[in-house]
Structure formats: structure tokens, C-alpha cells
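Please keep the sequence and the model in view while reading.

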Amino acid sequence: MVCNEHVPALDEDLKKTLGPATAKVLAEQLGLHTALDLLHHYPRRYAERGELTSLAELADQIDEHVTVVAQVADARLLTYQGSRGGGKRLEVTITDGSGRIQLVFFGSGVHKPHKDLLPGSRAMFAGKVGMFNHKLQLAHPAYEPLGADASDRDAATAFASQLIPIYPACAKLESWKIAKCVDAVLPRAQEVVDPLPSALRDGRGLVPLTEALLKIHRPVTKADIEDARRRLKWDEAFVLQVALARRRHADSQLPAVPRRPAPGGLLDSFDAKLPFTLTEGQQTVSKEIFDDLATDHPMHRLLQGEVGSGKTMVALRAMLAVVDCGGQAAMLAPTEVLAQQHHRSITEMMGELAEGGMLGGSDQGTKVVLLTGSMGVPARRRALLDLVTGEAGIVIGTHALIEDKVQFHDLGLVVVDEQHRFGVEQRDALRSKGKQPPHLLVMTATPIPRTVAMTVFGDLETSVLDQLPAGRSPIATHVVPAKDKPHFLARAWERVREEVENGHQAYVVCPRIGDAAEEAADPKKAKKKAAAEEDGDRRPPLAVLEIAEQLARGPLAGVSVEVLHGRMDPGDKDDVMRRFTAGEVQVLVATTVIEVGVNVPNATAMVIMDADRFGVSQLHQLRGRVGRGSAPGLCLLVSEMHEASPARARLAAVAATLDGFELSRIDLEQRREGDVLGQAQSGVRSSLRMLAVIEDEEVITQAREEAARVVAADPELAGLPGLRTALEALLDTEREQYLEKG
């Protein structure tokens with residue numbers, strides 16, 4: 001993350017220092033191109049020659065490349081007869097006190113290790129953890145003997161206690177080879193430009209950057225590692241928070257039209273006809289939003305809340321407030337199903353207020369239009385006309401809203417649903433359609449821990465809804481172990497039938513669609529599926545079309561079962577959803593298209609097949625589709641995974657709590673940081689190498705405060721060239737999107 005003022009030695013290609021072959025592997029496998037990149041490729045952990053590293057942990061790392069330090073317990077050279085004649089096989093057992101693992105070498109590759117790996121000798125071994133005959137093994141690992149040839153005792157002791165850096169490695173380049181590459185560029189650490197203002201560095205007791213880089217790569221003591229980590233975490237947190245603080249500052253300088261609701265207007269009429277009172281949380285958050293809308297610079301607010309906490313109601317009231325004073329509001333949804341669903345529920349909530357200018361509509365009403373990519377030409381033309389004339393106060397749509405030909409009369413508010421599915425370009429394209437920048441409200445349906453919100457949505461003020469509206473029923477969640485207890489699965493289908501017989505409806509969710517078009521559209525996936533079948537290890541994920549057919553013929557015969565998935569024609573999707581909402585369809589077998597925003601209060605049961613293939617937050621999101629009415633909800637998580645597996649532990653966590661904020665923490669602790677920061681969406685490496693957003697809450701909070709101070713005093717960072725350069729490196733074109741895709 002930290003960069004420099006184009007010091008040639010730091011910026012030049014690694015080919016010059018390391019040669020083309022090594023540089024090619026570093027670039028292709030690890031994304032390291034320059035000396036500076038390599039300096040920021042930090043060790044994952046450190047092995048001590050005097051103490052054995054843990055073999056006990058390898059069971060969790062099947063198919064991973066690992067490096068271990070261990071002692072040879074025994075070595076046996078065997079001769080075997082194979083289909084192509086005889087050969088030699090060397091089996092070496094190594095131990096580290098915590099466990100044992102077998103190494104195997106074949107053919108002509110046995111002679112050197114047979115000579116080197118004598119019982120009692122110690123070495124570093126690197127290879128891919130595999131299974132053979134139900135036992136862990138490393139086949140043909142690379143190794144580096146650790147023999148001490150120092151004569152005096154002090155030198156031997158120093159050798160024994162030396163900390164060996166273990167680097168994130170790959171099959172073509174083992175950790176110790178990467179260490180040698182680092183050695184070649186380490187002298188250049190003297191040339192890095194320090195991005196931290198010296199006052200901040202001194203005030204926080206942080207070591208200079210050059211010292212931190214030397215200590216992280218070649219520590220003498222464990223205290224060195226601590227010093228280095230503390231400093232490097234600060235770099236990452238601070239530079240990121242400065243980027244966000246500058247964005248907040250720039251946004252606060254923009255002009256916007258204040259939007260205050262008119263007394264006795266549309267908002268008051270809507271509130272008067274609500275059949276329930278808003279929760280205390282909804283009232284508080286609405287006040288925060290209305291206060292922001294009344295100012296003359298654009299609101300930038302993140303509205304996050306529990307599944308079913310009534311975010312849509314809060315967003316709708318904000319939109320009505322803007323329409324009240326002559327402006328327009330646009331709601332951007334990530335999928336057509338969701339846009340249609342929002343349109344349906346908002347027009348239902350508003351009743352005659354959504355029929356402004358139409359027969360039977362209210363005088364105070366406005367038009368609510370839908371705009372999606374698949375609409376027919378006449379309907380689309382009508383919607384576009386309603387927008388440009390101002391006839392439509394509210395428009396709900398997909399990214400079709402962003403297209404050039406969409407013009408507004410006076411766009412005052414943009415509501416983005418599920419922000420992490422939209423990049424900054426899309427957000428800005430819609431904002432640029434206002435005469436002046438419109439106010440912005442971002443809704444996220446997945447509760448996010450506070451630190452993540454600060455790291456990913458740091459340019460937005462945050463409002464949290466953590467209360468469920470009155471009348472929402474509790475949801476009971478149970479894990480159904482289909483493999484160990486098949487009768488539990490049979491009982492699950494009986495429960496679905498009971499719900500249907502009591503006049504309710506149910507969802508069945510599957511990870512895959514399962515049609516020929518799916519395979520054609522994604523041949524890679526199809527290949528993976530075939531490989532999984534061949535492997536016999538794990539069958540392909542269950543599919544909507546297959547499960548729907550099995551249920552209709554078997555346990556749910558006689559029940560009205562329909563399917564819903566993303567590859568259906570939009571008209572068909574809308575038709576199925578409309579009939580399910582009306583109660584004509586009793587069981588809906590769907591993919592995760594129903595994950596967000598789908599609101600059918602009569603649906604009380606959900607069965608999630610292969611639940612272990614979904615993330616924790618996604619399961620929580622899906623579960624939020626039931627129990628939306630007065631009858632209690634039931635969610636059954638079906639899995640064939642073994643009881644002791646991490647996947648089952650995840651499912652147990654979901655079953656144990658309905659607290660989405662708690663679950664999102666669990667989810668993040670189990671996932672890589674890069675996913676959190678949108679690496680998965682943008683395809684670039686996360687720039688967080690040292691900082692862990694969940695663990696390092698304190699650093700992030702302090703860095704945010706420091707960043708706000710620095711930017712307030714010097715928004716252009718004119719007096720901080722090192723920091724400016726570091727920012728440019730973080731926000732270079734490749735990584736620009738990463739900030740926006742939380």
C-alpha cells in the first residue's frame with residue numbers, strides 16, 4: 001500500500017534483480033512486480049529452529065501449500081512392482097511433537113532425500129498437503145536441511161533460536177526461495193518514503209517505515225515482529241481512512257438543494273394511513289435522514305439494519321419527503337426481481353397516493369414507475385416520459401436507470417439498495433443526473449460490524465436499525481443432518497406440508513439452477529461439477545429444477561410447486577412472484593434470487609438445501625424471508641456435511657442466533673479479509689496485508705480520527721508528499737473500485 005516518489009530502484013521490474021524466470025513466477029502467481037511489492041509481501045508466520053512447528057494443524061489444510069519445520073523420525077526405502085515395471089519409493093515420517101506426517105518420494109527422485117533425510121535430522125519442508133489411504137501426506141516436498149555446523153555453543157544457540165520467516169508461497173516458489181528474493185531487495189527498504197506524518201508517528205510511538213520493513217522480514221526477536229506489525233497496520237488503516245476522509249470532505253463541499261417535507265403534504269398523508277406505528281429505531285433514523293435532507297450539501301448516509309427491520313419503510317418516507325417539495329427520488333435495485341418486488345410493495349403501501357394524476361388517484365399523490373432493462377418499448381417510453389416531465393415522483397429500477405437516455409425533471413434523492421453490488425461508477429452516474437448532486441441513501445441488507453462499515457463505507461454517515469417491527473414473529477432455525485439422519489429430511493418435508501395445510505406457504509432454496517442453459521452459459525462450472533462427481537468426494541450442488549420435480553412427484557405431491565431463478569424470462573419471473581404473493585403458488589423452489597427484499601407475509605417455512613454451500617450472512621438473509629407475518633417462521637438448514645466439520649459449525653451458529661450483527665462478525669472471522677473489502681467483486685488484490693478489520697478495531701478507530709484531523713487541516717495534503725504518494729498507490733486505476741465495493 002505504501003509507495004514512494006518513483007525511486008527507480010523500488011519501482012523497477014524484479015526481472016533486473018532476480019532474473020526473468022523468478023520474476024515471472026512472482027508476477028503471475030503472487031502478483032508481485034516491483035521491489036516495493038516484494039517488500040510488502042510479508043511473512044505469514046515465523047518458525048523457530050529451536051522449536052517445532054505444528055503438524056497437528058495440517059488436517060485443516062488439505063490441498064494447501066504449507067511449510068513445516070520438523071525432525072525425521074524414520075526413513076524407509078521400498079522397492080515396488082507397478083504396471084510399468086519396478087521402481088523405488090522413499091517413505092519418510094517426520095514429527096514435531098504435535099503430530100506426524102509421511103513424506104513420499106518416487107523413482108529417481110529418491111536418492112538425494114535418502115542421503116539428506118536421516119533419522120534425527122531436521123529440515124524445513126514445503127509441499128501440498130494430500131490424503132492417501134486416509135492419511136495425510138506430502139508427496140515430493142521441497143526441503144531445506146537445518147543442520148548446525150557452528151563450532152562454538154553461542155553460535156549454535158543463536159542459530160537454534162533464529163526466527164525463520166514463512167512466506168505465503170506457491171507450488172513453483174517455496175517460502176525459503178521467496179526469502180532469498182526478499183534478501184536481494186531488502187537493502188532498498190532504506191529508500192521508501194514514509195507516508196505517516198512525523199507528529200503522528202512520534203505521538204503513537206511507531207517505528208519508522210524502513211525499520212518496520214527490516215524487522216518484519218528479518219526479525220531478531222519476537223518484539224521486533226510486534227513493532228513492525230503495529231507500524232504496518234497503522235500504515236494500512238491510516239492511508240485507507242485518509243482516502244475515505246478526503247472523499248467525505250469533497251462531498252461536503254458540493255452544493256445540494258435542501259429538501260424539507262411540506263406540512264400536510266404527501267408524507268403526512270402517507271403516515272396518516274399507516275396501519276401501525278413506526279418503531280423507535282425507525283423514528284430516530286428517519287429524523288437523522290430528514291435532518292440531512294434539509295441541509296445544502298448532499299446527504300451521504302448508509303442505512304443498515306437487521307433483516308426485516310423495516311429499512312424499506314424508512315427509505316420510502318425519505319423519498320416521499322423529497323417528492324413533497326417538488327423533487328424526484330430514484331431507487332436502484334441490484335436485480336429485476338428485487339426492483340419489481342420493491343415497486344409492488346411500495347405501490348401497495350402507498351395505495352391511492354401512488355396514482356397521482358390517474359383516475360381514482362389522490363390529489364396529493366405521485367406516480368411510482370418501474371424501469372428495467374427487459375421492459376417492452378411502449379412501457380419504457382411511457383416511464384421515460386414520466387421521469388423527464390416530473391409526472392413520476394418515484395422511480396424504481398435496475399442499472400437501466402443509469403443509461404444516458406434516462407433524464408429526470410429534478411432528481412433530489414438516490415436510494416441504492418444492496419450497495420455492495422454496485423461500483424462507484426454506477427453510483428456516480430446516477431448522481432450526475434441531478435441538476436445539482438442529489439442526496440444519497442445507501443441501504444445494506446446484511447448487517448455489517450462497525451469496523452467493516454468504517455473501513456468499507458467510511459465515506460458515509462451510518463444509521464443502524466436493530467429493532468424488529470411489532471407483529472414480526474420469531475423464526476426457529478434447525479440444522480437437518482440429511483446424511484446421518486435421513487428421516488429428519490423426510491420429517492422436514494412433512495413440516496412443509498403441514499404449513500401448507502394450515503394455509504401458509506414455503507420456500508425451498510437450492511444453490512444451482514440445473515438446466516442445460518446453465519451448463520452452456522458456464523462451461524467452467526460444468527467442468528468443476530464433472531470433476532467433483534468423478535472425484536466421488538463431493539457431489540455437485542442440488543439444483544432447483546431437479547428438486548422441484550422430485551418434490552412435486554414425491555413428498556409434496558398434490559401441492560402447488562413452482563420454480564423461480566435468475567435465468568427465467570422477466571415476465572415469467574414476475575408472474576410466478578405475483579402468484580406466490582397472491583397465495584396461488586404454495587411452495588416456491590428458488591435460487592438466492594429471493595435473498596433480499598422479497599416480502600410475502602404468508603410464507604412461514606423455508607428449507608435450504610446444501611445449506612453448507614452458502615455463507616453465514618447469506619443464510620441469515622434468506623431466513624429473513626419467513627416469519628414476516630403474524631405466524632411464527634421456521635427455517636431448516638439441510639446439510640450432508642459431517643457433524644465435526646467447520647461447515648456444520650457455521651450452520652450451528654446461524655441456528656443459534658437471530659442477531660445479524662453477531663453473525664456477520666462470525667462470517668468475517670471465517671472469511672478472508674479481501675472478500676470483505678470487495679476483492680472478490682473487483683478481482684484485484686486487497687491492499688490490506690497486515691490489518692484484520694475485525695481484530696484491529698482500535699487501530700481503525702484511531703486511524704479514522706487521525707485521518708479526519710489531517711484532512712481537515714490540509715485537504716490537498718500539500719505538506720505531506722509521502723502520504724500523497726501512498727494514496728496514489730492505493731487509488732491507482734486498478735484498485736480504485738475496491739473502496740466502493742464493500
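**A guided reading of the model**

Leu717 counts as buried, because its relative accessibility is 0%, and buried means under 20%. This residue belongs to the loop between helix H28 (697-713) and helix H29 (721-730). Although Leu717 is not a glycine, its phi is positive, at about 55°.

These values come from a predicted model. The mean pLDDT of the protein is 83, and 85% of its residues reach 70 or more. Over residues 1-7, pLDDT stays under 50, and the model has 31 contacts beyond four places in sequence for this stretch. Residues 674-686 also have a pLDDT below 50, with 34 contacts in the model beyond near neighbours in sequence. Where pLDDT is low, the predicted coordinates should not be read in detail.

His140 is placed in the loop between strand S6 (135-139) and strand S7 (142-145). Its relative accessibility is 41%, and His140 therefore counts as partly exposed.

Attention may now turn to a sheet. Seven strands make up an open sheet with parallel pairing, in the order S11-S12-S10-S13-S14-S9-S15. Strand S11 (367-371) and S15 are the edge strands, each pairing on one side only. From one strand to the next, the twist averages 20°. Within this sheet, S9 and S14 are joined in the parallel sense over five bridges, and His300 stands opposite Leu440 in S14. Helix H13 packs on the sheet, where it touches S9, strand S10 (328-332), strand S12 (392-397), S13, S14 and S15. The direction of H13 makes about 170° with that of S13.

Helix H12 comes next. Its 14 residues, 280-293, should span 20 Å at 1.5 Å a residue, and the end C-alpha atoms are 20 Å apart, which agrees. The buried residues of H12 are Gly281, Gln282, Val285, Ser286, Ile289, Phe290, Asp292 and Leu293. Seen down the helix axis, these buried residues fall within an arc of 160°, so they line one face of H12. On the other side of the helix, Glu280 and Lys287 are exposed.

What covers the buried residues of H12? The cover includes helix H11 (266-272) and helix H13 (311-324), together with strand S9 (300-305), strand S13 (411-417), strand S14 (439-444) and strand S15 (461-465).

Key
Residues numbered from 1 in each chain as written. Predicted model: local features only at pLDDT ≥ 70, side-chain atom pairs only at ≥ 80, totals over all residues. Heavy atoms only, no water. Helix = DSSP H or I, 4+ residues; strand = E, 2+ residues; numbered from the N terminus. Expected span 1.5 Å × (residues − 1). Buried < 20%, exposed > 50% of the residue type's maximum accessible area, 1.4 Å probe, protein only. Arc of directions from axis to C-beta. Contact = heavy atoms within 4.5 Å. pLDDT = per-residue confidence, 0-100. Pairing = 2+ DSSP bridges. Axes fitted to C-alpha atoms, helices over the stretch in contact; angles between N-to-C directions.
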